[in-house]
Amino acid sequence: MNTYSRLSEERLSTCHSDLQRVFREVLKIVDHSIIWGRRGKADQDAAFASGASEKKWPESKHNAEQSEAVDARPYPYDEKDFESMCLFAGVVLGVAKCLNIHIRWGGDWNKNYKTRDEKFRDYWHFELIGT
Ligand SMILES: [Zn+2]
C-alpha cells in the first residue's frame, strides 16, 4: 500500500478538502509525492521570480487559505520520464471525475485533452475549478 511521507502529508493538509479526497484516492493507484500545497507570500514571490508560476501573490490558487491548487508528481520521480507524468495526470483527472470534483491540470489548461497547444505547461499542477 502506498503511503505519503510526513512532508507530503503536511503539504496536502494545507489543501482544500476536495483536493485531499482526490489525491488520497489517487495514492491507492499511483505512488506520488506532494510538492506544494499552500504557498505563502514569500514562496509565491519566489515561484513567480523563478518562472515556476505565472501568478503574483495572492492571485495563485496556491495562495488560498485552504489551497485550491496542489503540485504533485509520481514517486520515484524521473524528470526524463515525461510520459509517466502524463499518465499520472490522467489518473488524477479520472479519479476527480469519478468523485465529481472539478479539477484542471497545468498541462492542459483549456481542458481539451491535448498538451501541445499550451504555452505555459505546469505538469505538476492541479487546481480546483468551478463547474
Ligand atoms: Zn502549482
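**Exercise 1. Find which residues of helix H4 are buried, and which elements cover them.**

Solution. Begin with the term: a residue is buried when its relative accessible area is under 20%, exposed when over 50% and partly exposed in between, with a 1.4 Å probe and protein chains only. By this rule the buried residues of H4 are Met85, Phe88, Ala89, Val91, Val92, Leu93, Val95 and Ala96. The helix and strand names stand for DSSP runs, helices (H or I) of at least four residues and strands (E) of at least two, numbered from the N terminus. Next, take contact to mean heavy atoms within 4.5 Å; the cover of these buried residues then includes helix H2 (17–29) and the strands E1 (32–36), E2 (69–74), E3 (103–105) and E4 (125–128).

The model is predicted, so local features need pLDDT of at least 70 and side-chain atom pairs count only at pLDDT 80 or more, while totals for chains, interfaces and linings use all residues. Residues are numbered from 1 along each chain as its sequence is written, and side-chain values use heavy atoms, with hydrogens and water left out.

**Exercise 2. Work out what span helix H4 should have, and compare it with the distance between its end C-alpha atoms.**

Solution. The expected span of a helix is 1.5 Å times one less than its number of residues. Just after H4, asparagine 100 takes a positive phi of about 60 degrees.

**Exercise 3. Describe the aromatic pairs that tyrosine 123 forms with phenylalanine 82 and with tryptophan 105.**

Solution. Rings of Phe, Tyr and Trp (its six-membered ring) pair if their centres lie within 6.5 Å, and planes under 30 degrees apart count as stacked, over 60 as edge-to-face and the rest as tilted. A search of the whole structure finds six such pairs. Phenylalanine 82 counts as partly exposed at 34% relative accessibility, whereas tyrosine 123 counts as buried at 18%.

The pair of tryptophan 105 and tyrosine 123 is tilted, at 5.8 Å centre to centre and with 40 degrees between the planes. Tryptophan 105 lies in strand E3, so here the parts tied together are 18 residues apart in sequence. Tryptophan 105 is buried, with a relative accessible area of 7%.

**Exercise 4. Identify the protein donors of the zinc ion, and say where aspartate 71 and histidine 125 lie.**

Solution. Donors are N, O and S atoms within 2.8 Å of the metal (3.2 Å for Na, K and Ca), and because water is not among the atoms, sites may look incomplete. The protein donors of the zinc ion are His62 (NE2), Asp71 (OD) and His125 (ND1), lying 2.0 Å from it. Their spacing in sequence is H-x8-D-x53-H. Aspartate 71 lies in strand E2 and histidine 125 in strand E4, so this pair ties together parts that are 54 residues apart in sequence. Both aspartate 71 and histidine 125 are buried, the latter with a relative accessible area of 5%. Not counting residues up to four places away in sequence, histidine 125 touches His62, Ala69, Val70, Asp71, Arg104, Trp105, Gly106 and Trp109.

**Exercise 5. Trace how the strands pair, and describe the two faces of E4.**

Solution. Two strands pair if DSSP finds at least two bridges between them. E1 and E2 run antiparallel and are joined by four bridges, with serine 33 having arginine 73 in E2 as its bridge partner. E2 and E4 also run antiparallel, joined by three bridges, and valine 70 stands opposite phenylalanine 126 in E4. E3 and E4 pair in the antiparallel sense over three bridges, where isoleucine 103 stands opposite leucine 128.

In a regular strand the side chains alternate between the two faces of the sheet. In E4 both faces are covered, with His125 and Glu127 buried on one side and Phe126 and Leu128 buried on the other. E1 is largely enclosed by the rest of the structure, because four of its five residues are buried.
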